[in-house]
Amino acid sequence: MRSLAVVGGGVIGLAVAWRAAEQGWAVTIVDPDIGAGASWVAGGMLAPLSEGWPGEDDLLEFGAASLRRWPEFGARLRAATGVDVFVADQTLTLALDAADAADLRTIADFCGGHGYDMRLLDRAGVRAAEAGLSRTVRAGLLAADEPAVDNRLLVGALRRACDQAGVHILAESVRAVEELDHDRIVLAAGSASARLWELPVRPVKGEILRLRRRPGTAPPPRRVIRARVHGRPIYLVPRAEGIVVGATQYEAGFDTTVTVAGVRDLIADAEAVWPALGEYELAEATAGARPSTPDNLPLIGRLSERVVAATGHGRNGILGVPITVDAVTALLAGDTLAEAKAADPQRFAPSSGGNQ
């Protein structure tokens with residue numbers, strides 16, 4: 001039986017390991033703390049259209065290709081584990097001023113030019129969609145096909161699926177990829193990937209809050225809510241117990257300290273959009289290091305005869321799970337996935353190899 005080492009136990013590594021094991025590989029995940037990195041600190045939005053912007057055509061098409069795979073991927077995971085990871089069916093992006101409203105029209109036109117339908121809403125339409133929104137909201141952009149998942153349910157379900165498929169977990173750190181003696185290696189170590197191979201991946205810090213609904217308070221929104229407040233992006237993602245609010249963005253290396261300023265800004269900006277959350281319980285404040293690349297596309301492709309990259313997904317790691325799995329398993333079978341071509345690591349200057 002062919003052996004495969006997956007370096008990294010976030011959602012990307014877990015999903016690749018699960019599917020590879022189903023396809024006959026003897027799989028070992030090597031990670032000292034499975035699921036504890038950026039995958040644990042995420043909103044779970046699947047929103048490539050809402051984040052679309054003119055000039056970022058490859059990023060839009062890559063994300064949309066993964067979004068199309070999510071219903072089948074989620075159904076397959078539910079069949080294997082009994083866990084339904086979806087928490088919302090749609091995404092609503094808001095405008096609080098005229099400049100933001102113009103940006104919503106730009107996004108709608110850009111996505112429409114690529115064949116993706118999004119609906120602009122006026123003030124009344126926004127209020128009809130989500131009655132709990134602030135009255136200062138003046139317009140919205142509804143993406144009817146952009147759902148969200150609970151990232152922690154996803155981590156747990158993927159771990160269960162891996163266990164059922166016979167994936168071995170090795171709770172150790174990898175010092176050098178070349179020391180692994182497996183037939184093939186998938187490098188899915190997130191922000192730490194650049195420590196193991198010469199790759200243009202850097203950590204970008206993001207702080208996130210988890211708010212728990214208290215008895216008698218208004219329910220959370222039914223959709224994902226996105227907006228900009230004072231130029232800062234904010235999102236609210238419903239959970240069974242409340243709301244996830246995120247996320248700040250700092251070039252802070254591997255520092256994942258939660259700051260007072262970060263929490264203050266997130267709460268103030270979220271309240272400006274959804275006033276009732278001021279009555280919620282602040283259950284958790286955490287930060288993670290997103291693995292980002294210069295062009296915001298991930299790195300998925302061969303690094304050597306034995307090593308395949310599956311890293312650099314930035315803030316869209318949850319979104320990118322299904323297409324990354326399909327691309328990596330295709331590479332392991334000696335094939336390629338055309339829809340993942342834009343993520344080929346060779347688009348950057350090729351390195352001389354690993355840190356050998």
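Predicted model: local features only at pLDDT ≥ 70, side-chain atom pairs only at ≥ 80, totals over all residues.
**Aromatic rings, a helix crossing and some loop residues**

Visitor: What separates Trp70 and Phe73 along helix α2?
Guide: Both residues belong to helix α2, where they are three residues apart. That spacing therefore corresponds to about one helical turn.

Visitor: How many aromatic pairs does a search of the whole structure find, and of what kind is the pair Trp70 and Phe73?
Guide: The search finds three aromatic pairs. In the pair Trp70 and Phe73, the ring centres are 5.2 Å apart and the planes stand at 75 degrees. Planes over 60 degrees apart count as edge-to-face, so this pair is edge-to-face.

Visitor: How many residues apart in sequence are the parts tied together by Trp70 and Phe86?
Guide: Trp70 and Phe86 form an edge-to-face pair, 5.8 Å centre to centre with 80 degrees between the planes. Trp70 lies in helix α2 and Phe86 in strand β3 (residues 86–88), so the pair ties together parts whose separation in sequence is 16 residues.

Visitor: Which residues do ring pairs link into a cluster?
Guide: Trp70 pairs with Phe86, and Trp70 also pairs with Phe73. The cluster linked by ring pairs consists of Trp18, Trp70, Phe73 and Phe86.

Visitor: How many residues of the contact of α2 with α5 are nonpolar, polar and charged?
Guide: From α2 the contact takes Trp70, Phe73, Leu77, Ala80 and Thr81, and from α5 it takes Leu154, Ala157, Leu158, Arg160, Ala161 and Gln164. By type, these residues are eight nonpolar, two polar and one charged.

Visitor: Is His230 buried or exposed?
Guide: His230 sits in the loop between β11 (224–229) and β12 (232–239). Its phi is near 55 degrees, a positive value in a residue other than glycine. Exposed means over 50% relative accessible area, and His230 has 70%, so His230 counts as exposed.

Visitor: Which residue is joined to Gly246 by a cis peptide bond?
Guide: The omega of this bond is about -15 degrees. The residue asked for is found in the loop between β13 (242–246) and α7 (260–273). The partner of Gly246 is Ala247.

Terms used. Residues numbered from 1 in each chain as written. Heavy atoms only, no water. Contact = heavy atoms within 4.5 Å. Helix = DSSP H or I, 4+ residues; strand = E, 2+ residues; numbered from the N terminus. Nonpolar A, V, L, I, M, F, W, Y, C, P; charged D, E, K, R; others polar. Buried < 20%, exposed > 50% of the residue type's maximum accessible area, 1.4 Å probe, protein only. Phe/Tyr/Trp six-rings, centres within 6.5 Å; stacked < 30°, edge-to-face > 60°.
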